[in-house]
Amino acid sequence: MQASEFIWMDGEFIPFADARVHVLSHSLHYGNAVFEGIRAYSTPEGPAVLQLGAHVKRMFRSCRVLDMALPFSQAEMEAAILELVRRNGHKSCYIRPLVFRGAGPLGVLPKGNPIQVCVATWEWDSLHGDGGVDAGVDVGFSSWRRMAPGTHPSMAKASGNYLNSQLVVQEAVRHGYAEGLVLDVDGYLSEGSGENVFLVEDGEILTPPIGNSILAGITRGMVMEIAAELGIPVREARIPREAVFFCEEIFMTGTAAEITPVRSVDGRPLEKSAPGPVTKRLQEVFFARVKGEAPDKGGWLTHVSAPNA
């Protein structure tokens, strides 16, 4: 990761190297931070942040689940993100807001620990490296399961949830895959370590519902919106493991992954070469919009500075 010039921390823009926290910060020990992953894309009108309002709203809702009262408003957070991208001079970048409990009493009960907030930005291309979005990636089913309902709040983007994700992707890489597919507690398809999953079968797109311990991904929502515009039916359904070997295409979505085709599962190629025709069409529309090459029908983009400013 290439260091940027500034990080926004607790209301101030400070040098990247000066953004530090105490080793006894509560969230470091107990995993009770909340974060977001956001992208800014290069467009003909300058950098534009994708779904800024939706990401910040989800961050506040995740904080509500963890009983963390942010010391800043949603409008202040959005303004800080836009200004940080501008100050760091990015044409495009990845944006990481983080809300965490700082140093204080170190019991499990988070009482008396200050709520701290920071935002960092850096240049980052594709999650799965060069060629992943174009040629697809190989994935395998993980031996780990997603958390059962009533254990962890899977709808919150909380850092503690990602211990599960780390175990999934580490196992996948050990087995020679780029990513792992995770089943829920009942054995139905859930998601990847950090991506939502879609299957294409007989002209229809299938994806697990929120009740299958998934994060309600913002890119997931955009893809479903594009599919509806293109007249491609999308159905949320509980998907058994073996369904991945019946389908024609699989793709994964997320802020970092964007729309990444799957080439094989457990070493078995899919019916259609990656990216399949449905995946390819969704990619074309998605990237045209986020890069400002097509009309922003959904109002997805927030420009860092006004056009021609």
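Axes here are lines fitted to C-alpha atoms, for helices over the stretch in contact, with angles running from 0 to 180 degrees between N-to-C directions. By that definition, helix α6 (residues 218-229) and helix α7 (residues 277-290) have axes that come within 10 Å and cross at roughly 115°. The structure is a predicted model, in which local features need pLDDT of at least 70 and side-chain atom pairs count only at pLDDT 80 or more, while totals for chains, interfaces and linings use all residues. Residues are numbered from 1 along each chain as its sequence is written, and side-chain values use heavy atoms, with hydrogens and water left out. Helices (H or I, at least four residues) and strands (E, at least two) are DSSP runs, numbered from the N terminus.

**Helix pair α6 and α7**

- Angles under 35 degrees count as roughly parallel, over 145 as roughly antiparallel, 65 to 115 as roughly perpendicular and the rest as oblique; α6 and α7 are therefore roughly perpendicular to each other.
- The crossing of α6 past α7 is right-handed, where a crossing is left-handed if the near helix is turned anticlockwise from the far one by less than a right angle, and right-handed if clockwise.
- On the α6 side, T219, M222, V223, I226, A227 and E229 meet L282, V285, F286 and R289 of α7, contact meaning heavy atoms within 4.5 Å.
- The contact of α6 with α7 has seven nonpolar, one polar and two charged residues; Ala, Val, Leu, Ile, Met, Phe, Trp, Tyr, Cys and Pro count as nonpolar, Asp, Glu, Lys and Arg as charged, and the others, Gly among them, as polar.

**Helix pair α2 and α3**

- Helix α2 (residues 52-65) and helix α3 (residues 74-87) have axes that come within 10 Å and cross at roughly 130°.
- α2 and α3 are therefore oblique to each other.
- α2 passes α3 in a right-handed crossing.
- From α2, the residues L52, G53, V56, K57, M59 and F60 meet Q74, M77, E78, I81 and L82 from α3.
- Seven nonpolar, two polar and two charged residues make up the contact of α2 with α3.

**Cysteines**

- The structure holds zero disulfides, a disulfide being a pair of cysteine sulfur atoms within 2.5 Å.
- For C63, the closest cysteine sulfur is that of C118, 12 Å away, which is too far for a bond.
- C63 is buried at 0% relative accessibility; buried means under 20% relative accessible area, exposed over 50%, and partly exposed in between (1.4 Å probe, protein chains only).
- For C93, the closest cysteine sulfur is also in C118, at 15 Å, again too far for a bond.
- C93 counts as buried, with 2% relative accessibility.

**Backbone geometry**

- A cis peptide bond, with omega about -10°, joins A274 and P275.
- P275 sits in the loop between β16 (268-269) and α7.
- Q51 is not a glycine, yet its phi is positive, at about 55°.
- Q51 belongs to the loop between β5 (46-50) and α2, and is buried with a relative accessible area of 16%.
- D202, which is not a glycine, has a positive phi of about 55°.
- D202 lies in the loop between β11 (196-201) and β12 (204-207), where D202 counts as exposed at 65% relative accessibility.

**Individual residues**

- S142 is part of strand β8 (residues 137-145) and is buried, with a relative accessible area of 9%.
- Neighbours within four places in sequence aside, S142 is in contact with V168, E171 and L181.
- A257 is in the loop between β14 (249-254) and β15 (258-265) and counts as buried at 2% relative accessibility.
- Not counting residues up to four places away in sequence, A257 touches L127, V133 and E195.
- A257 and S142 are 115 residues apart in sequence, and their C-alpha atoms are 18 Å apart in space.
- S42, in strand β4 (residues 38-43), is partly exposed with a relative accessible area of 40%.
- With residues up to four places away in sequence not counted, S42 touches K91, S92 and K291.
- S42 and G292 are 250 residues apart along the chain, and their C-alpha atoms are separated by 7.9 Å.
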